[in-house]
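This briefing is intended for a reader who is meeting the structure for the first time. Please look over the sequence and the structure below before reading on.

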Amino acid sequence: MTDLTPTEATGAADAGDAEEQVVLRAGDAELTIEPERGSRISSLRVGGTELLRQGERYGLFLMVPWCGRVDRGRFRNGGELYQLPVTNGPHAIHGTVRDASWEVARRGARSAVLTCELTDPWPWEGKVTHTVELAEDGGSLHLGLGVESPEATFPAQAGWHPWFRRTLDGGEEVRLDFSPQWQEERGPDHLPTGRRIDPQPGPWDDCFGMPDGVEATLTWPGALELTVGSRMEWLVVYDEQPEGVCVEPQTGPPDGLNTHPGLVTPLEPLEAAVTFTWRRP
């Protein structure tokens, strides 16, 4: 087994051209990206109203090169067993790039491209590219990412973890509407057991299968309706905290490095995209 546990590894390249903040605007929408905090979108405001939960751990961040928990931080690539740093109870969680320092490759008034190198504690070299673009009318946000490898072939996952506010400016609580085909049964270790069950009522810290693509709508009555749309087939919903609701599209379920890995090769990157579209009554 290869032990990859570092002392202070973050998966970050040197800051390079990283900037403290990148602010994009279109129509009445404005968002703020923090390159040195994982290319995290720390703020998304529509008509002056903040949609994302605020705080160092929140906003909207990327999960790469895995999503959710990895069982005891262990996974295989071929016959080799690898050990990731344990960061959440007995497991490794949410990848290596969410706290890394990213470089701003390109930016404009309403779009930006950021990049980050994969390095320790991830065992293979790679590059992650994050594309952030507001629609010209300010009515939607499109996010894209790619995971590339210069030489090796390795398993990977990718996705986004938005923390939406449960209420907007003192209004009614958000309502979530989505129609998954199944729910992954969750074991006592918070990992899928491998058994698919009928969708259960919340609260959730659960993964759902949507083989026709992710579509979920959050409605803050009288204030805003926001739809999450993606060709990805997996959705994690976390709403066990009173301050926020997480609706996370991703390329595989929790512990997917072991159960549903995508492969990154020098010829085939892992690519994913999601669009958030909103409208006000």
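Strand 2 and strand 3 form a hairpin with two residues between them, and Gly27 in that turn has a positive phi of about 55°. Strands here are DSSP runs of E with at least two residues, numbered from the N terminus. This is a predicted model, in which local features need pLDDT of at least 70 and side-chain atom pairs count only at pLDDT 80 or more, while totals for chains, interfaces and linings use all residues. Residues are numbered from 1 along each chain as its sequence is written, and side-chain values use heavy atoms, with hydrogens and water left out.

- Strand 2 (residues 22-26) pairs with strand 3 in the antiparallel sense over five bridges; two strands count as paired if DSSP finds at least two bridges between them.
- Within this pairing, Val22 has Ile33 of strand 3 as its bridge partner.
- Strand 3 is also joined to strand 4 (residues 40-46) by six bridges, and these two strands run antiparallel.
- Here the bridge partner of Ala29 is Val46, in strand 4.
- The hairpin of strand 3 and strand 4 has five residues between the strands, and Gly38 in this hairpin takes a positive phi near 85°.
- Strand 3 (residues 29-34) is largely enclosed by the rest of the structure, because five of its six residues are buried. Buried means under 20% relative accessible area, exposed means over 50%, and partly exposed lies in between (1.4 Å probe, protein chains only).

- Asp99 lies in the loop between strand 10 (92-93) and strand 11 (103-107).
- With a relative accessible area of 53%, Asp99 is exposed.
- Leaving aside neighbours within four places in sequence, Asp99 is in contact (heavy atoms within 4.5 Å) with Glu36, Arg37, Gly38 and Arg40.
- The side chains of Asp99 and Arg40 make a polar contact at 3.4 Å. A polar contact is a pair of N or O atoms within 3.5 Å; within protein, one must be able to donate a hydrogen and the other to accept it, and residues adjacent in sequence count only if both atoms are side-chain atoms.

**His91 in its loop**

- His91 is found in the loop between strand 9 (80-83) and strand 10.
- His91 counts as buried, at 3% relative accessibility.
- Not counting residues up to four places away in sequence, His91 touches Arg69, Val70, Asp71, Arg72, Gly73, Val86, Asp189 and Leu191.

**Salt bridges**

- The structure has a count of 16 salt bridges, each defined as a side-chain nitrogen of Lys or Arg within 4 Å of a carboxyl oxygen of Asp or Glu.
- One of them joins the side chains of Asp205 and Arg69 (3.6 Å, N to O). Asp205 lies in strand 20 (residues 205-209) and Arg69 in strand 7 (residues 69-70), so the pair ties together parts that are 136 residues apart in sequence.
- Asp205 is buried, with a relative accessible area of 13%, and Arg69 is buried with a value of 15%.
- Arg110 and Glu133 also meet through their side chains in a salt bridge (3.3 Å, N to O). Arg110 is in the loop between strand 11 and strand 12 (111-118) and Glu133 in strand 13 (residues 126-134), so this pair ties together parts that are 23 residues apart in sequence.
- Arg110 counts as partly exposed at 28% relative accessibility, as does Glu133 at 33%.
- A further salt bridge links the side chains of Glu184 and Arg196 (3.5 Å, N to O). Glu184 belongs to strand 18 (residues 182-186) and Arg196 to strand 19 (residues 192-197), twelve residues apart.
- Glu184 counts as buried at 6% relative accessibility, whereas Arg196 is partly exposed at 46%.

**Aromatic rings and charges over them**

- The structure holds 16 aromatic pairs. Rings of Phe, Tyr and Trp (its six-membered ring) pair if their centres lie within 6.5 Å; planes under 30 degrees apart count as stacked, over 60 as edge-to-face and the rest as tilted.
- Phe75 and Tyr82 have ring centres 5.6 Å apart and planes at 25°, so the pair is stacked.
- Both Phe75 and Tyr82 are buried.
- One aromatic cluster is formed by Trp66, Phe75, Tyr82, Trp122, Trp124 and Phe154.
- Arg196 lies over the face of Trp182, at 3.7 Å from the ring centre. A charge sits over a ring if NZ of Lys or CZ of Arg is within 6 Å of the ring centre and within 35 degrees of the ring normal.
- The charged end of Arg53 likewise sits over the ring of Tyr58, 3.7 Å from its centre.

Note on methods
Helices (H or I, at least four residues) and strands (E, at least two) are DSSP runs, numbered from the N terminus.
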